[in-house]
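Take a moment to turn the model around on your screen. We will walk through it together, from the whole chain down to a few single residues.

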Amino acid sequence: MIPQPPAVRVFPDLDSLSRAAADFVLSVAGGAIASGSRFCMALSGGSTPRTLYTLLASPPWNESLPWRKTHVFWADERCVPPRHRDSNYGFAFETLLSRVPLPGGNIHRIHGEEGPERAARAYEDELRGAFPEDMPRFDLVLLGVGEDGHTASLFPGDAALGETKRLALPVLLDESKHSRVTLTLPVLENARKALFLAAGLTKSRIVREIIEEGNPGALPAGLVRPAQGRLLWMLDQEAASLLRDPFR
Ligand code: 6PG
């Protein structure tokens, strides 16, 4: 199937964007439970989703989401202990997971503290145990985009972008940064729904390049094109400020 062009929705600010994203998560969760038995989503780190996670832990969303049938995974993780300030698990735990009745067995964190390669292999085992299909099919992957066009921990020009078999890979960055583990493109592209959140003027150039210019540089965030799923970008006005009017 040919991937559909991304749907783009623009909101006045991060708060209204986050509220719409929370409604979208609720809608996807409802659809997943109605057609199956559970709702599987993969979360990202970064600063953009903080408001969304906090909203999901608050009324009305926290009372409506089917937490006992929800399984939480991560799109990527840093190779740090789970309560480290840079841990994506720690961030989600602080803003969301510690505040909702999600059964412990439904949290599938990446054990980054074990080191990139071991943690990647262990996460692949976790994914294979959680999904019956050879290629995990998330109901929702929640993604952000860096100013360089990265998403999850898939960075421009990285060999990981060419991976077609593995589900998760180690990402070795220079000494000043933590190594990481990331889901691979095939997993992200196999999602039923992929939702990108981008906010702020610093994202306006990369958003235009990916959404309006056809991603000429094959930037990772622009490569996530679910062939049998839906792609949605939610932007605030600033991130959308370089897009043509029809999107805004
Ligand atoms: C991470 C994320 C990363 C993030 C982008 C955007 O672990 O940091 O997975 O891909 O989504 O870097 O981050 P901001 O939301 O902070 O702009």
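A residue counts as buried when its relative accessible area is under 20%, and as exposed when that value is over 50%. Keep this cut-off in mind, and remember too that the model you see is predicted. Asn215 has a relative accessible area of 9%, so it is buried.

Now step back to the whole chain. The chain holds 8 helices and 9 strands. Its C-alpha trace spans about 45 × 40 × 40 Å along the principal axes. How does the radius of gyration of the chain agree with that of a compact globule? For 248 residues a compact globule would have a value near 18 Å, and the chain has 17 Å, so the two agree. Buried residues account for 53% of the 248 residues. The accessible surface comes to about 10700 Å², and 51% of this belongs to carbon and sulfur atoms.

Next, find the ligand. It has 14 residues around it, and Thr48, Arg78, His150, Ala152 and Lys203 come nearest. By class, this shell has 9 polar, 3 charged and 2 nonpolar residues. On its own the ligand has 420 Å² of accessible area, and the protein covers 88% of it.

Most residues other than glycine have a negative phi. Ala152, however, has a positive phi of about 50° although it is not a glycine. With a relative accessible area of 7%, Ala152 is buried.

Thr151 is in that loop between S5 and S6 too. Is Thr151 buried or exposed? Its relative accessible area is 1%, so Thr151 is buried. The side chain of Thr151 reaches the backbone oxygen of Gly144 at 2.7 Å. Leaving aside residues up to four places away in sequence, Thr151 touches Leu143, Gly144, Phe196, Pro220, Ala221 and Val224.

Let us move on to helix H7, which runs over residues 204–212. Its buried residues are Ser204, Ile206, Val207, Glu209, Ile210 and Ile211. An α-helix has 3.6 residues a turn, so residues three or four places apart point the same way. What covers the buried residues of H7? The cover includes strands S1 (7–11), S8 (193–198) and S9 (230–236), along with helix H8 (220–223).

Just after H7, Gly214 takes a positive phi of about 80°. Asn215, our opening example, has a positive phi of about 55° although it is not a glycine.

One last stop concerns a peptide bond. Most peptide bonds are trans. The bond from Pro59 to Pro60, by contrast, is cis, with omega near 0°. You can find Pro60 in the loop between helix H2 (49–56) and helix H3 (61–64).

Note on methods:
Residues numbered from 1 in each chain as written. Predicted model: local features only at pLDDT ≥ 70, side-chain atom pairs only at ≥ 80, totals over all residues. Heavy atoms only, no water. Near = heavy atom within 4 Å. Areas by Shrake-Rupley, 256 points an atom, 1.4 Å probe, with all protein chains shown as cover. Nonpolar A, V, L, I, M, F, W, Y, C, P; charged D, E, K, R; others polar. Buried < 20%, exposed > 50% of the residue type's maximum accessible area, 1.4 Å probe, protein only. Helix = DSSP H or I, 4+ residues; strand = E, 2+ residues; numbered from the N terminus. Contact = heavy atoms within 4.5 Å. Rg over C-alpha atoms; globule rule 2.2 N^0.38 Å. Polar contact = N/O pair within 3.5 Å; in protein donor to acceptor, adjacent residues only side chain to side chain.
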